[in-house]
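User: Could you take me through this model feature by feature, giving the general idea before the particular case?

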Amino acid sequence: MSYAVLRLRRETRDVFVLNHIEALDYALIARHLGLSVGDVQACLADALCELSRTVDLIERVRPKPINLSNAEHPDV
């Protein structure tokens, strides 16, 4: 998950971290970053969408574990 967060654009990552890690609400994030609340909501939506895509991609390309139980006992 850390890799997926690091891949986010800086502003999007900042909004995500402030909301999900620091637990700041949209108004505080907006004030802190000089954005509108709508911009914060849009950045957070973008972050969640991009994180989901990245994690899905990682899961698709990750090697599947080998089931050795059948390979070691072919007669079973």
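User: Does L18 count as buried or exposed, and at what relative accessibility?

Analyst: The model is predicted, so that local features need pLDDT of at least 70 and side-chain atom pairs count only at pLDDT 80 or more, while totals for chains, interfaces and linings use all residues. Residues are numbered from 1 along each chain as its sequence is written, and side-chain values use heavy atoms, with hydrogens and water left out. Buried means under 20% relative accessible area, exposed over 50%, and partly exposed in between, with a 1.4 Å probe and protein chains only. L18 has 13% relative accessibility and therefore counts as buried. The residue has its place in helix α2, where helices are DSSP runs of H or I with at least four residues, strands are runs of E with at least two, and both are numbered from the N terminus.

User: Which residues does L18 touch, leaving aside those up to four places away in sequence?

Analyst: Contact means heavy atoms within 4.5 Å. With residues up to four places away in sequence not counted, L18 touches A23, L24, I29, H32 and L33. A C-alpha separation gives another view: L18 and L28, 10 residues apart along the chain, have C-alpha atoms separated by 9.1 Å.

User: How many helices and strands does the protein chain have?

Analyst: The protein chain has five helices and zero strands, and from the N terminus on its elements run α-α-α-α-α. Of its 76 residues, 22% count as buried.

User: At what angle do the axes of α2 and α4 cross?

Analyst: Two packed helices are described by the angle between their axes and the distance between the axes. Axes are lines fitted to C-alpha atoms, for helices over the stretch in contact, and angles run from 0 to 180 degrees between N-to-C directions. Here the axes of α2 (residues 10-21) and α4 (residues 37-61) come within 8 Å and cross at roughly 95 degrees. That makes α2 roughly perpendicular to α4, given that angles under 35 degrees count as roughly parallel, over 145 as roughly antiparallel, 65 to 115 as roughly perpendicular and the rest as oblique. On the α2 side the contact involves E11, T12, V15, F16, N19 and H20, which meet V40, C43, L44, D46, A47, L48 and L51 in α4. By class, this contact of α2 with α4 has eight nonpolar, three polar and two charged residues; Ala, Val, Leu, Ile, Met, Phe, Trp, Tyr, Cys and Pro count as nonpolar, Asp, Glu, Lys and Arg as charged, and the others, Gly among them, as polar.

User: Which residues make the contact of α3 with α4?

Analyst: The axes of α3 and α4 come within 8 Å and cross at roughly 105 degrees, which makes α3 roughly perpendicular to α4. The contact is made by Y26, A27, I29 and A30 of α3 together with V37, V40, Q41 and L44 of α4, and by class it has seven nonpolar, one polar and no charged residues.

User: What does the side chain of N19 reach at 3.1 Å?

Analyst: A polar contact is a pair of N or O atoms within 3.5 Å; within protein, one must be able to donate a hydrogen and the other to accept it, and residues adjacent in sequence count only if both atoms are side-chain atoms. The side chain of N19 reaches the backbone oxygen of L24 at 3.1 Å, and a polar contact of 3.2 Å joins the side chains of N19 and H20. N19 counts as buried, because its relative accessibility is 18%.
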